[in-house]
Amino acid sequence: MSDETWPDIREAVRKLCANFPGAYWREHDRARSYPAEFVRALGEAGYLSILIPEEYGGAGLPLSAATAVLEEIHRSGGNGAACHAQMYTMGTLLKHGSAEQKARYLPRIARGDLRLQAFGVTEPGAGTDTTRIATFARREGNRYLVSGQKIWISRAEHSDLMILLCRTTRREDAAKPGEGLSVLLVDMRQAAKQGLTIRPIRTMLNHATTELFFDEVPVPAENLIGEEGKGFRYILDGMNAERILIASECIGDGRFFIDRASAYAASREVFGRAIGANQGVQFPIARAHVQLAAAALMVQQAAALFAAGKPCGSEANMAKLLASEASWFAADTCLQIHGGFGFAEEYDIERKFRETRLYQVAPISTNLILSHVATHVLGLPKSF
Ligand SMILES: Cc1cc2nc3c(=O)[nH]c(=O)nc-3n(C[C@H](O)[C@H](O)[C@H](O)COP(=O)(O)OP(=O)(O)OC[C@H]3O[C@@H](n4cnc5c(N)ncnc54)[C@H](O)[C@@H]3O)c2cc1C
């Protein structure tokens with residue numbers, strides 16, 4: 001069972017989260033404001049640098065430790081989306097950055113002096129078809145000039161740095177669609193003064209997401225990560241980590257819903273007995289638990305493969321699909337079992353219900369995962 005992993009970390013994260021109860025998250029949810037106090041506490045306790053190697057000032061733990069942190073945050077009723085990106089964006093810098101880049105940024109990220117919370121991939125004109133992104137970085141001397149548009153870039157207003165995927169060769173001029181894409185580390189404070197406009201998007205959940213407009217934004221050439229034109233591969237690596245971490249948030253959400261549903265079903269009396277004494281109420285909770293337990297094993301397997309440096313694309317995708325569906329079933333069950341009270345803000349069910357729905361769309365939608373499994377795992381003909 002996943003809750004047997006990293007027990008000390010889980011216990012400490014639970015204690016930290018107890019200082020940020022439902023009322024805290026509800027207030028930020030209502031105002032659509034950033035839970036800065038929570039992010040600060042998490043950073044100060046060292047959890048945001050848990051994956052950064054010790055030589056750069058982090059804890060140097062494997063991905064499964066980060067999944068434990070995020071799962072516990074979500075099980076407590078909180079939301080790691082305010083800060084989870086650092087855990088997977090950092091990997092792009094760690095795996096593909098130069099020794100100089102790593103020495104310059106990672107210790108400051110580990111100390112919390114720099115926030116690497118923004119990951120700029122999605123564009124309105126490309127959708128999931130990432131190789132069609134059009135944001136272009138034109139090389140001019142020792143800098144790039146970036147122009148284009150991104151959408152759904154979360155935490156852009158709360159990050160000092162962004163991992164940006166852009167084109168350095170147009171798709172039509174590249175040897176293959178996946179070539180000619182590059183990764184730049186963008187200093188958001190500088191960029192905001194030099195042609196980057198950030199516009200918040202109000203959504204059904206509190207997610208600090210934005211759209212970005214780049215108008216000839218200069219980025220020093222030394223901020224190129226890895227080789228020019230090879231960025232798509234670097235980003236895919238990070239996406240596997242992202243999917244595994246998001247899956248662990250779904251597991252946490254699912255456990256939150258099951259905890260709440262079980263407690264409510266045991267205590268709410270209707271027709272002279274606990275509603276939980278009825279099998280029509282028990283069975284969906286039990287089913288949610290079974291589905292979640294299976295999904296948690298898949299998350300663990302994907303995390304173990306990732307940590308071992310083995311291919312894990314299919315497992316990361318399958319973990320995300322199973323976990324997001326399990327958390328959504330648990331959410332629906334929990335809401336139903338609470339009857340009218342499930343809709344009341346003060347129970348936190350409706351907020352978590354909105355939050356956990358996201359995961360079937362982002363960071364990758366269910367259909368695209370099924371398509372990956374069908375064609376890459378099962379060898380079925382490609383549909384696109
Ligand atoms: C709150 C939020 C936060 C986000 N944060 C970030 C972020 O920080 N950085 C970032 O880069 N992106 C971010 N995203 C973007 C997210 O990754 C995308 O929304 C997601 O990958 C889906 O892409 P899309 O919205 O372009 O959908 P589309 O690609 O337009 O797809 C729309 C629907 O059509 C389906 N579909 C598309 N093609 C096919 C096909 N061939 N076969 C079957 N079905 C298909 C999809 O499954 C989906 O359901 C965020 C999104 C949201 C909503």
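Colleague: Where is L205 found?

Modeller: L205 is found in the loop between strand 6 (196-200) and strand 7 (209-220). Keep in mind that this is a predicted model.

Colleague: Which residues is L205 in contact with, leaving aside its neighbours within four places in sequence?

Modeller: L205 is in contact with R354, E355 and L358.

Colleague: And how far is L205 from A326 in space?

Modeller: The two are 19 Å apart, C-alpha to C-alpha, and 121 residues apart in sequence.

Colleague: Now S154. Where is its place?

Modeller: S154 is in strand 3.

Colleague: Is S154 buried or exposed?

Modeller: S154 is buried, because 24 other C-beta atoms lie within 10 Å and the cut-off for buried is 20 or more.

Colleague: What does S154 touch, not counting residues up to four places away in sequence?

Modeller: S154 touches A81, H207, A208 and T209.

Colleague: What do strand 2 and strand 3 form?

Modeller: A hairpin, with two residues between the strands. G141 sits in the turn and has a positive phi of about 65°.

Colleague: Next, strand 4. How many of its residues are buried?

Modeller: Seven of the seven residues of strand 4 (residues 161-167) are buried, so the strand is largely enclosed by the rest of the structure.

Colleague: Which residues of strand 4 point one way and which the other way?

Modeller: L161, I163, L165 and R167 point one way, M162, L164 and C166 point the other way, and all are buried. The general rule is that side chains in a regular strand alternate between the two faces of the sheet.

Colleague: In which sense does strand 4 pair with strand 1?

Modeller: Strand 1 and strand 4 pair in the parallel sense over four bridges, and L116 stands opposite L161.

Colleague: And strand 4 with strand 5? In which sense do they pair?

Modeller: Antiparallel, over seven bridges, with strand 5 covering residues 181-187. There, L164 stands opposite L184 in strand 5.

Colleague: On to helices. What should helix 8 span at 1.5 Å a residue?

Modeller: The 37 residues of helix 8 (residues 231-267) should span 54 Å, and the end C-alpha atoms are 54 Å apart, which agrees. Helix 8 is also largely enclosed by the rest of the structure, because 29 of its 37 residues are buried.

Colleague: How many residues has helix 10?

Modeller: Helix 10 (residues 313-337) has 25 residues and reaches 36 Å from its first C-alpha to its last, close to the 36 Å expected at 1.5 Å a residue. Helix 10 is mostly covered, with 19 of the 25 residues buried.

Colleague: What comes just after helix 10?

Modeller: G339, which takes a positive phi of about 55°.

Colleague: Zoom out. Which domains does the domain assignment of the chain give?

Modeller: The assignment gives domain 1 (2-111), domain 2 (116-232) and domain 3 (233-377). The centres of domain 1 and domain 3, taken over C-alpha atoms, are separated by 20 Å.

Colleague: How many residues of domain 1 are in contact with domain 3?

Modeller: 27 residues of domain 1 are in contact with 27 residues of domain 3. Helix 4 gives the most to the domain 1 side, with ten residues. That side divides into eight nonpolar, 13 polar and six charged residues.

Colleague: Last topic, the ligand. Which residues come nearest?

Modeller: Of the 23 residues around the ligand, V121, G127, W152, S365 and N367 come nearest.

Colleague: What has the shell around the ligand by class?

Modeller: The shell has eleven nonpolar, twelve polar and no charged residues.

Colleague: Which domains does the shell draw at least three residues from?

Modeller: Domain 2 and domain 3, each of them. Strand 1 (116-120), strand 3 (143-154) and helix 12 (366-377) each supply at least two residues of the shell.

Definitions and conventions. Residues numbered from 1 in each chain as written. Predicted model: local features only at pLDDT ≥ 70, side-chain atom pairs only at ≥ 80, totals over all residues. Near = placed C-beta within 6 Å. Nonpolar A, V, L, I, M, F, W, Y, C, P; charged D, E, K, R; others polar. Domains from an automatic or database assignment. Contact = placed C-beta atoms within 7 Å. Pairing = 2+ DSSP bridges. Expected span 1.5 Å × (residues − 1). Buried ≥ 20, exposed ≤ 12 C-beta atoms within 10 Å, placed from the backbone.
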